[in-house]
Amino acid sequence: MAGGRGGGGTPATVAASRAGVAFRTHAYRHDPSADGYGAEAARALGREPARVFKTLVAEVDGALTVALVPVSASLSLKALAAAVGGKRAAMADPAVAERATGYVRGGISPLGQRRRLPTVLDASAAEHPTILVSAGRRGLEIELAPADLAALTDARTAPIAR
């Protein structure tokens with residue numbers, strides 16, 4: 001895998017390029033009527049849902065936190081709160097998530113966010129040589145090693161999926 005450089009990138013692909021990590025992007029035609037952005041990406045790209053991770057923004061004790069879980073699973077808010085030393089977690093308002101990250105819902109990437117948020121990567125990511133996450137717009141995924149994703153986002157790894 002080689003990181004792409006040059007124009008036309010998203011903040012996510014630019015961040016990965018600048019960091020010098022190996023990655024590959026995968027584009028697909030986003031269907032606005034699709035049920036679930038992550039599941040749509042897995043289907044469109046022919047990837048197993050356990051390797052395609054969705055980027056969710058939650059509030060843990062009032063602080064925005066990013067959770068990365070496979071599209072085949074759900075986020076355990078209790079586990080997310082525990083992973084960051086918090087007590088209570090709830091999903092963030094989508095408009096708040098969009099403003100904080102600089103991305104639109106369905107295209108929120110853990111990379112290249114407007115404001116870096118604490119990030120937790122589900123422990124299952126380590127089971128795969130590479131995983132896919134949003135590359136910063138609907139219809140574009142970035143594939144990279146879980147360790148590289150964790151390093152670029154300063155993510156902690158914890159079992160947060162159920």
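## Exercises on a predicted model

D61 sits in the loop that links β2 (53–60) and β3 (63–70). Keep in mind that we're working with a predicted model here.

**Exercise 1.** Work out whether D61 is buried, partly exposed or exposed, and look up its phi.

*Solution.* Start with the backbone: phi of D61 is near 50°, which is positive even though the residue isn't glycine. Next, take the accessibility. D61 has a relative accessibility of 49%, so it counts as partly exposed.

**Exercise 2.** Which residues of helix α2 are buried, and which strands do they pack against?

*Solution.* Go along α2, residues 37–45, and pick out the buried ones: G38, E40, A41, A42 and L45. Then check their partners: these buried residues pack against β1 (23–27), β6 (131–137) and β7 (140–144). Finally, step past the helix: G46 follows α2, and its phi is positive, near 65°.

**Exercise 3.** What does UniProt place at residues 39–151, and how far apart are the end C-alpha atoms of that span?

*Solution.* The unreviewed UniProt entry gives "domain: YbaK/aminoacyl-tRNA synthetase-associated" for these residues. In the model, the end C-alpha atoms lie 25 Å apart, and the span is 25% helix and 31% strand.

Key: Residues are numbered from 1 along each chain as its sequence is written. This is a predicted model: local features need pLDDT of at least 70, side-chain atom pairs count only at pLDDT 80 or more; totals for chains, interfaces and linings use all residues. Side-chain values use heavy atoms; hydrogens and water are left out. Buried means under 20% relative accessible area, exposed over 50%, partly exposed in between (1.4 Å probe, protein chains only). Helices (H or I, at least four residues) and strands (E, at least two) are DSSP runs, numbered from the N terminus. Contact means heavy atoms within 4.5 Å. UniProt positions are given in the numbering used here, feature names are shortened, and annotations may be inferred rather than shown by experiment.
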